[in-house]
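Trainee: Could you walk me through this model, one question at a time?

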Amino acid sequence: MQTYMVGGAVRDALLGWPVNDHDWVVVGSSPEEMIAAGYLPVGKDFPVFLHPQTREEHALARTERKTARGYHGFAIDAAPDVTLEQDLARRDLTINAIARAADGELIDPFHGQRDLQDKVLRHVTLAFREDPVRILRVARFAARFADFTIAPETMALMREMVVAGEVDALVAERVWQELARGLMEAHPSRMFETLRECGALVRLLPEVDVLWGVPQRADYHPEIDTGVHLMMVLDMSAQLDAPLAVRFACLTHDLGKGTTPADVLPKHIGHEIRSAKLLKHVCERLRVPVECRELADVVAREHGNIHRSSEFGAAAIVRLLERCDAFRKPQRFEQILLACECDKRGRGGLQDASYPQRGELLQALAAAQSVKTSEVAAQAQQMQRSGAQVGEMIQHARVTAVAALPRFHINKASAA
């Protein structure tokens, strides 16, 4: 029984990056021997065990044989005679197929160290084509390692897999898991550009794929191309360290521009509503978590209004706050504004621009929240008003509070 550190922990240590999680492979053992040694079995699809002290995952060395299309179509062999090199051969990329022995010796049969030095993402063997998730993983690693290139033979293999229909067999949960991880990388645009280059994006997210080549007004979007804009917005969300829900909203906020009639381009009148409708289908298809789904829906519908909110009067601002459910979910509203800032700054030449709307709307929300609704309700009761009338009184009080903000008096003075 021999234990080796493998995968990302070895790779990141060689790169000088911090190592947070360790993966281990065990050679020459069996499930019975592992359990007898105190390891806790946790693997569903293949033998994985938790170390009795560290609780880190230890997997038996294994080989895989393709039996059907898709992610689950494999027969697993984890017999004691499976070698370390056989286990490494089934891994996705050479940089992830390096093992470290207990004495520190590196076992690198597929030259992963060389590819780390040359900054290349390269598949290990032709077994790569047997698992379509690896297309998503390569795209995700492209987003993480922004200065790495994908080996031409690996990109060609990915294209072959797409043409063969392997991507179509992926289950929604696995697609979302990899997309979510890719969105959280340092350069998320590279994930989607890689998926587009190999032909997988049109299969997985046709609503996004169609955006490339769709023109926008140059006075609002110097970059013109909607797909290019989308990638800039995604990278801005990473630059601003946005959470996943915000980054997903950035990805989907302009889906409606892909359905704008050609005769009205480069204008996109009403694209916000079309974006929300398309977003609903995307979320259902990929089973997107509720938190991400709801925030993206508000951003899709309201980002245009939020951008224009500096021109709004107090009543229009309160109505906008209500539509965004800002009174019940103020923290989510802050994330909505962050997504809108990413959208505004994700444009050619505007990356360092300010976004005053964010501060203005948060100030307006604070002013509206200062209204004590219980006191307004009590006043309404004294006036023998109820139901919708109470809501109207609360809204009027909030509008009055927002109208008292200095920005409105400054605007009036300027107009005079």
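This is a predicted model: local features need pLDDT of at least 70, side-chain atom pairs count only at pLDDT 80 or more; totals for chains, interfaces and linings use all residues.

Trainee: Which are the edge strands of the open sheet of 7 strands?

Mentor: Helices (H or I, at least four residues) and strands (E, at least two) are DSSP runs, numbered from the N terminus, and two strands pair if DSSP finds at least two bridges between them. The sheet's order is β3-β4-β5-β2-β1-β8-β9, with mixed pairing. An edge strand here pairs on one side only, and that gives β3 (40-41) and β9 (106-107).

Trainee: Which residue in β2 is the bridge partner of T3?

Mentor: β1 (residues 2-6) pairs with β2 (residues 23-27) in the antiparallel sense, over 5 bridges. β1 is also joined to β8 (residues 99-100) by 2 bridges, again antiparallel, and there V6 stands opposite A99. Back in β2, the partner of T3 is V26.

Trainee: And which residue in β5 stands opposite F49?

Mentor: Strands β4 (residues 48-50) and β5 (residues 57-60) run antiparallel and are joined by 3 bridges. Opposite F49 you'll find H58.

Trainee: How many aromatic pairs are there?

Mentor: Take the rings of Phe, Tyr and Trp (its six-membered ring): they pair if their centres lie within 6.5 Å, and planes under 30 degrees apart count as stacked, over 60 as edge-to-face and the rest as tilted. By that rule the count is 4.

Trainee: Why is the pair of W17 and F145 tilted?

Mentor: The ring centres are 5.1 Å apart and the planes sit at 35°, so this pair is tilted. W17 is in the loop between α1 (8-15) and β2, and F145 in the loop between α5 (133-144) and β11 (149-150), so the pair ties together parts 128 residues apart in sequence. F145 also pairs with F148, at 4.9 Å centre to centre. The angle between the planes of F145 and F148 is 35°, which again makes a pair that is tilted.

Trainee: Is F145 buried or exposed?

Mentor: Buried means under 20% relative accessible area, exposed over 50%, and partly exposed in between (1.4 Å probe, protein chains only). W17 has 38% and is partly exposed. F148, at 3%, is buried. F145 has 1%, so it counts as buried.

Trainee: Which helix supplies the largest share of the lining of the second largest pocket?

Mentor: On a 1 Å grid over the protein atoms alone, a pocket is an open set of points where a 1.4 Å probe fits, with protein on both sides within 12 Å along at least five of seven lines; lining residues have an atom within 4 Å of a point. This pocket is lined by 22 residues, with Y220, H221, H271, E272 and R308 nearest its centre. α13 (271-286), α14 (290-307) and α16 (330-345) each supply at least two lining residues. The largest share, 3 residues, comes from α14.

Trainee: Which residues of α19 are buried?

Mentor: α19 (residues 388-403) has 16 residues. Its buried residues are V390, M393, I394, R398, V399, A401 and V402.

How values were computed. Residues are numbered from 1 along each chain as its sequence is written. Side-chain values use heavy atoms; hydrogens and water are left out. The expected span of a helix is 1.5 Å times one less than its number of residues.
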